[in-house]
Amino acid sequence: MNRKKADELSKEFGLNVVQSRYSDWGNFYGLVQNYPCALWDKSGYVIFNNEDDLNIPEISVAKRINIPKRISSLKTYKLVLHEAQLPEELPSGVVYQEGTAQKIIVNKYERDKNARYACLSHYGYICQVCHVKLSDVYGAIAENLIHVHHLKPISEIGENYTVDPISDLLPVCPNCHAVIHLRNPPYLPQEVSHMLHKASTSQTDKIAI
Ligand SMILES: [Zn+2]
Ligand SMILES: [Zn+2]
């Protein structure tokens with residue numbers, strides 16, 4: 001599974017490599033045999049152009065490649081993904097994304113990085129349900145933190161379906177996303193927006209009383 005994941009990532013990011021390996025912990029179960037090679041973890045990669053590149057104190061090469069401080073400790077490490085954008089994959093292909101309120105089941109369209117990018121360049125990093133921009137609340141650290149929700153019911157998706165990043169995807173904050181997925185089929189963003197509005201007016205009523 002990890003080898004497949006590494007190959008997919010290298011392809012996705014257009015790396016010109018002949019071998020890819022993946023490990024979150026710096027234990028690459030095997031050796032690098034073909035160059036250039038990309039070693040991946042969940043947030044980025046390092047490329048090795050030849051055997052000499054492996055010859056640094058941070059890396060131990062025995063029967064397998066081991067980087068005790070993880071590849072992110074290497075100088076040439078390139079960070080390309082925010083951890084939140086690449087949820088752990090489960091064997092069934094179903095993906096749970098960490099939400100603040102609960103775990104959210106997302107489908108492959110919500111994880112498609114190109115579609116996600118196109119969606120966010122159109123809407124910006126603003127939740128389309130509660131209109132919060134997370135960096136306004138948490139500061140610069142949360143600048144790229146947003147989920148992308150897929151609006152089309154899976155039952156309506158045929159084989160030749162291609163996602164439209166603007167009409168089919170919607171940026172939502174992790175809280176609103178969690179609420180959307182409290183039901184299956186998911187609530188419509190408008191419904192959650194309505195809940196939010198109703199809840200806040202009843203809050204105001206209480207305060208007024
Ligand atoms: Zn929201
Ligand atoms: Zn969703």
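1. Asp164 sits in the loop that runs between β10 and β11, and in this predicted model the residue is partly exposed, because 14 other C-beta atoms lie within 10 Å of its own, a number that falls between the limit of 12 or fewer for exposed residues and that of 20 or more for buried ones. Although Asp164 and Ala118 are 46 residues apart along the chain, their C-alpha atoms are separated by 9.1 Å.

2. Helix α3 covers residues 113-123, and Ala115, Arg116 and Cys119 are buried within this helix. Seen down the axis of α3, these buried residues fall within an arc of 100°, so they line one face of the helix. The face turned away from that buried side carries Asn114, Tyr117 and Ser121, which are exposed.

3. As for what lies over the buried residues of α3, the cover includes α2 (108-111), together with the strands β10 (147-150) and β11 (169-172). After α3 comes Gly124, a residue whose phi is positive, near 85°.

4. The largest nonpolar core holds 17 residues, and those that touch the most other members are Cys127, Leu169, Val172 and Cys176. At least two residues of this core are supplied by each of α3, β11 and α5 (174-180), and α5 gives the most, with four residues. Apart from this core lies another, made up of 16 residues, among them Val32, Cys37, Val46 and Ile59.

5. Which residues does Cys127 touch, not counting those up to four places away in sequence? They are Val132, Ile146, Pro171, Val172, Cys173 and Cys176; of these, Val172 and Cys176 are also named, like Cys127, among the core members that touch the most others.

6. Turning to the sheet, four strands form an open arrangement in the order β1-β3-β4-β7, and their pairing is mixed. Because β1 (19-22) and β7 (78-79) stand at the edges, each with a single partner strand, one side of each is left without a neighbour in the sheet.

7. The partner of β1 is examined here in more detail: β1 and β3 (residues 37-40) run parallel and are joined by four bridges.

8. Leaving aside neighbours within four places in sequence, the contacts of Phe28 are with Arg21, Ser23, Leu39, Arg64 and Ile65. Phe28 also lies 6.1 Å from Asn66, C-alpha to C-alpha, while the two are 38 residues apart in sequence.

9. For the protein chain as a whole, there are six helices and 11 strands, and 27% of its 209 residues count as buried.

Terms used
Residues numbered from 1 in each chain as written. Chains lettered and ligands numbered in written order. Predicted model: local features only at pLDDT ≥ 70, side-chain atom pairs only at ≥ 80, totals over all residues. Pairing = 2+ DSSP bridges. Arc of directions from axis to C-beta. Contact = placed C-beta atoms within 7 Å. Core = buried A, V, L, I, M, F, W, Y, C linked by C-beta atoms within 7 Å.
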